[in-house]
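The following questions and answers examine a single protein model. Please consult the sequence and the three-dimensional view while reading.

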Amino acid sequence: MQKGSCLCGGVAFEVSGEMRPVIACHCSQCRKSSGHFWAATQVDDDQLSLTCDETLRWFRSSGTARRAFCDECGCSLFWKMDGEDRTSIGAGTLDGDTGLATASHIYTSDKADYYDISDGLPQS
């Protein structure tokens, strides 16, 4: 069981299943919603349980996906593609040690000019 939350605690959750390795997304939407690139794991929806959702809000960020955030502290929490039964979870919202590792970088052609990706992981 892995637990997580936003900064103020208005949104809290538990993950009961195995999480996908972290993928770092460098697209402009992820950068704008998180303030840098978005690093996320992912789980099946039936393995994600909200234990507090008082301040959880969903935002339609494109014609095919939506993002969730805390309307109190502004924390970016989740990303969900329409029609999929999996939810991406911001890796930084997980409590304590996760046992996860970053597997790859995506949308690297959209990355900002103020940083380089030099960790040797696959990029697309």
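Q: By class, how many nonpolar, polar and charged residues does the lining of the largest pocket have?
A: In this predicted model, the largest pocket holds about 290 Å³ of space. Its lining comprises 18 residues, with Cys25, Cys30, Trp79, Ile106 and Tyr107 lying nearest the centre. Divided by class, that lining has eleven nonpolar, five polar and two charged residues.

Q: Which element gives the largest share of the lining of the largest pocket?
A: Two or more lining residues come from each of β3 (22-25), α1 (28-34), β4 (38-44), β7 (65-70) and β8. The largest share amounts to three residues, and the element that supplies it is β4.

Q: Which elements give two or more residues to the lining of the second largest pocket?
A: The second largest pocket contains about 170 Å³ of space. Its lining includes Gln29, Ser33, Arg67, Ala68, Ser76 and Leu77, and the lining residues divide into six nonpolar, five polar and one charged. The elements contributing two or more residues to this lining are α1, β7 and β8.

Q: The backbone oxygen of which residue lies 2.6 Å from a polar atom of the side chain of Ser76?
A: Leaving aside neighbours within four places in sequence, Ser76 is in contact with Ser33, Ser34, Trp38, Ala68, Phe69 and Thr93. A polar atom of the Ser76 side chain lies 2.6 Å from a backbone oxygen, and that oxygen belongs to Ser33.

Q: Which residue in the turn of the hairpin formed by β1 and β2 has a positive phi?
A: Strands β1 and β2 (residues 11-15) run antiparallel and are joined by four bridges, and Ser5 stands opposite Ala12 in β2. The two strands form a hairpin with five residues between them. The turn residue with a positive phi, of about 90 degrees, is Gly9.

Key
Residues are numbered from 1 along each chain as its sequence is written. This is a predicted model: local features need pLDDT of at least 70, side-chain atom pairs count only at pLDDT 80 or more; totals for chains, interfaces and linings use all residues. Side-chain values use heavy atoms; hydrogens and water are left out. A polar contact is a pair of N or O atoms within 3.5 Å; within protein, one must be able to donate a hydrogen and the other to accept it, and residues adjacent in sequence count only if both atoms are side-chain atoms. Contact means heavy atoms within 4.5 Å. On a 1 Å grid over the protein atoms alone, a cavity is a set of points where a 1.4 Å probe fits but cannot get out, and a pocket is an open set with protein on both sides within 12 Å along at least five of seven lines; lining residues have an atom within 4 Å of a point. Grid points are joined across faces, edges and corners, and a volume is the space filled by probe spheres set on the points. Ala, Val, Leu, Ile, Met, Phe, Trp, Tyr, Cys and Pro count as nonpolar, Asp, Glu, Lys and Arg as charged, and the others, Gly among them, as polar. Two strands pair if DSSP finds at least two bridges between them.
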